[in-house]
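This report walks through a predicted two-chain model. Keep the structure open while reading.

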Amino acid sequence: MLTAILVMVGIAVVIGLALGWSAIRLKVEGNPLAEKIDAILPQTQCGQCGFPGCKPYANAIAKGEADINQCPPGGEDGVKKLAELLGVEAKPLDETHGVPKPKSVAFIDEQICIGCTLCIQACPVDAISGAAKQMHTIIAAECTGCELCLPPCPVDCISMEPIAEDLPHWKWKHPVVMMKRVA
Amino acid sequence: MSRELFRFKGGVHPPEHKTESNTRPVARAPVPSVLVIPVRQHIGNPAKPVVHVGQPVLKGQLIAAADGYISSAVHASTSGVISDIDLQPVAHVSGLPDLCITLVSDGRDEWIAHGPLDYQVMTPAALRLALRELGLAGLGGAVFPSAVKLDPGAAHPCHTLIINGGECEPWITCDEMLMRERADAILQGVTVMRHLLGCTDILVGIEDNKPEAIVAMQTAATQLDFAVDIIAVPAIYPGGGAKQLIYTLTGKQVPSGKLSTDIGIQVFNVGTAYALARAVFQGEPLISRWVTVSGHVLRPQNFEALIGTPIHTLIAHAGERSGATGVLMGGPMMGMTLPDLSAPVVKATNSILVKSAALFPPLPGALPCIRCTRCADVCPAELQPQELFRFAKAGDFGRAQEYHLFDCIECGCCSYVCPSHIPLVDYYRYAKSEIWAREKEKRAADLARERHEFRQFRLEREKKEKAEKLAAKAQAKRAELTAAPASEAAASEVDAKKALIAAAMARAQAKKAEAEPKNTESLSAVTQREIEEIEARRAKIRELARSPLESEKNP
């Protein structure tokens, strides 16, 4: 009887030590769940979710501090993917954080720009090229359409241009089929 | 010679309609007055224009250069003057325009100086570069730049070369006529292909509904000094599909998601072989191709048409008829409805099919899917169309990919047999399109994340560097000041700092004094009086500005 207890306690101690050692030696840096969530988010870094960027929002979702339907650029599709990842119910987008807008790219009116660099400091992906008292211009290929450059501009020279659909970016649309009337 | 042939699963037998257009000899379509040549005619990057508006060009002159590895050049189809480089309607189902080079013909059809390539002396790389510069692309439908396909690559040796003379789609006869009338040239092209790829087995697959073509090719093959197997394959749609023809002739299946070159087989269309022969033995770039014009026209036939010919011009040459309900580019199974007939003939245009209500009765409305699986029975890629339809409709693209959506060749056999008349292929095209668009977005998002993270890192780095610089500067200044008065070696940190601050303040005072006007004190009487007069004048003007104008006082 005693040997049985001693054996069980011994096994427990060994497993406990093994777990303790692996908790230190095999510790994972960062929060893997937050990284998986960040991989789904659209990386617009716009702040509409209420957090200063996509990574902070991902961290908040991983900690359970934020809901999954706060990202308008991700759209309904993003909410669905997050719901699938976290194993929760998908819900409609929270309108208080904004509505999904068509993809746009910022454009600086060069006649008005005064070269103050305030927009350059605001852009989260460094998509504006320029320097103090030099012409500023948006690098269209890198612009994510987050609109963070619009408020700081003192002369209001930045506008958002929606991306028009051209041949290389054209997509087949969901077929709309005429159903046959049977009754 | 008898050779074991294999029968792929599925396929359908739509009515062939070949005799309408294969009884007349091929005609050379007249040079149109205006040619519209798109720069995007092939898979890969569109070509970049190298001419400017107003420039005169000769027939065969390079007008757009290949851009990137998977790309092909574009040439002027006749001599004339470039009138525009802008967006024009092209043959695309969306109706969106694309960048085209518009060429106004001068009527002379004058060739640029050109000559044969010494292909046996040139290095393979040089020959492939020359073919790329001559605009060679696959004419079987996919329009893949041929120079890339003619590179065997070190990974998998290419032992079997298959020349595709299948032409399984109804109504289309351009490849059949090419084999009947240009068999020698086709096999000349095959000679060059064999030279570049080093294949040992060369097979030509021709459907057995083209007996004259088979005889013509067999006769031409006897003139060659290497063996070419001309094989008649059973006529079935889509037996001319590359993967289907490979299976029929060799019994080998291309694994899902892989290319035929991964099993050592390369396939080229007979039209591509012919264009290759023209390129190597005459030095002619790809500026024309054989096009079938059939269906609801007076004289269905094949034309040798210049690239850039407006499609309505070709229809007019074949004899336009009233009662046309639409025009397809391609055949009835895989063809694309042309939204605009001013779109030009491009390298991919194998056929123009004019529809009428009698030939192409309008489809009845669709009914729900009844899971009869007739579509699965006929799918030549051995897929499950009913499942793919269900997933595509629901937007479940992950599952669609699990069911091998990207192995679908969009042949249309499934929608052909569907008793509910559901346009199945449109759903697969939609699903593929969405998946590609999402992958693109994901790549863009990953790039944006990288840029954002680098920006965070850069800001941190700048802060650190600034702090370090200031600390270093302070250190240097302190060292300077403590170095001069050596006797005060025992001076404390605080005193040294105080000295620094005092010195800085003195410098600032001096600078301020410099900037101040120095002539405002102890003025002479004359200057003082002048100043008083000016001040009085200013005061008077201020008074006047405050009181209303004379004109306003009495309206």
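## Chain A against chain B

The interface joins 21 residues of chain A to 23 residues of chain B. Contact here means C-beta atoms, placed from the backbone, within 7 Å. On the side of chain A that touches chain B, 10 residues are nonpolar, 4 polar and 7 charged.

## Confidence and conventions

The model is predicted: local features need pLDDT of at least 70, side-chain atom pairs count only at pLDDT 80 or more, and totals for chains, interfaces and linings use all residues. Residues are numbered from 1 along each chain as its sequence is written, while chains are lettered from A and ligands numbered from 1 in the order in which they are written.

The predictor gives the complex an ipTM of 0.82 and a pTM of 0.81. Chain B averages a pLDDT of 91 (the predictor's confidence in each residue, from 0 to 100). In chain B, 97% of the residues score at least 70. Where pLDDT is low, the predicted coordinates should not be read in detail.

## Chain A

Chain A has 5 helices and 4 strands. Their order along the sequence is α-α-α-α-β-α-β-β-β. Helices (H or I, at least four residues) and strands (E, at least two) are DSSP runs, numbered from the N terminus. The radius of gyration of chain A is 25 Å, whereas a compact globule of 183 residues would have one near 16 Å. That radius is taken over C-alpha atoms, and the globule rule is 2.2 Å times the number of residues to the power 0.38. The C-alpha trace of chain A spans about 90 × 70 × 30 Å along its principal axes. Buried residues make up 21% of chain A. A residue is buried with 20 or more other C-beta atoms within 10 Å of its own, exposed with 12 or fewer, and partly exposed in between; the C-beta atoms are placed from the backbone.

Domain 1 of chain A gives 5 residues to the contact and domain 2 of chain A gives 7. The domain 1 side has 1 nonpolar, 4 polar and no charged residues.

## Chain B: overall form and domains

Chain B holds 16 helices and 17 strands. Its radius of gyration is 38 Å, well over the 24 Å from the globule rule for 555 residues, so chain B is more spread out than a compact globule. The C-alpha trace of chain B spans about 125 × 85 × 60 Å along its principal axes. Buried residues make up 41% of chain B. Among its contacts between residues at least 6 apart in sequence, 72% join residues at least 24 apart.

Chain B is assigned domain 1 (124-356) and domain 2 (366-481). The C-alpha centres of these domains are 33 Å apart. Their contact takes 8 residues from domain 1 of chain B and 10 from domain 2 of chain B. On the domain 1 side, 4 residues are nonpolar, 4 polar and none charged.

## Nonpolar cores

A nonpolar core is a set of buried Ala, Val, Leu, Ile, Met, Phe, Trp, Tyr and Cys residues joined through C-beta atoms within 7 Å. The largest has 105 residues. Those with the most contacts inside it are I186(B), M193(B), M217(B), A273(B), L314(B) and I352(B). Helix α4 (residues 183-197) of chain B supplies the largest share, 9 residues. A second, separate core of 25 residues includes L383(B), C413(B), C418(B) and Y427(B).

Leaving out residues up to four places away in sequence, M217(B) touches M179(B), A183(B), V204(B), I206(B) and I230(B).

Which residues of helix α8 (residues 311-318) of chain B are buried? They are I311(B), T313(B), L314(B), I315(B) and A318(B). Their cover includes β13 (288-295), β14 (301-306) and β17 (351-356) of chain B. G319(B) follows α8(B), with a positive phi near 90°.

## Backbone details

The Y237(B) to P238(B) peptide bond is cis, with omega near 0°. P238(B) sits in the loop between β11 (229-233) and α6 (242-250) of chain B.

T117(A), a residue other than glycine, has a positive phi near 65°. T117(A) lies in the loop between β1 (104-108) and α5 (118-122) of chain A. It has 16 C-beta neighbours inside 10 Å, so T117(A) counts as partly exposed. H421(B), also not glycine, has a positive phi near 55°. With 15 C-beta neighbours inside 10 Å, H421(B) counts as partly exposed.

Conventions: Contact = placed C-beta atoms within 7 Å. Nonpolar A, V, L, I, M, F, W, Y, C, P; charged D, E, K, R; others polar. Domains from an automatic or database assignment.
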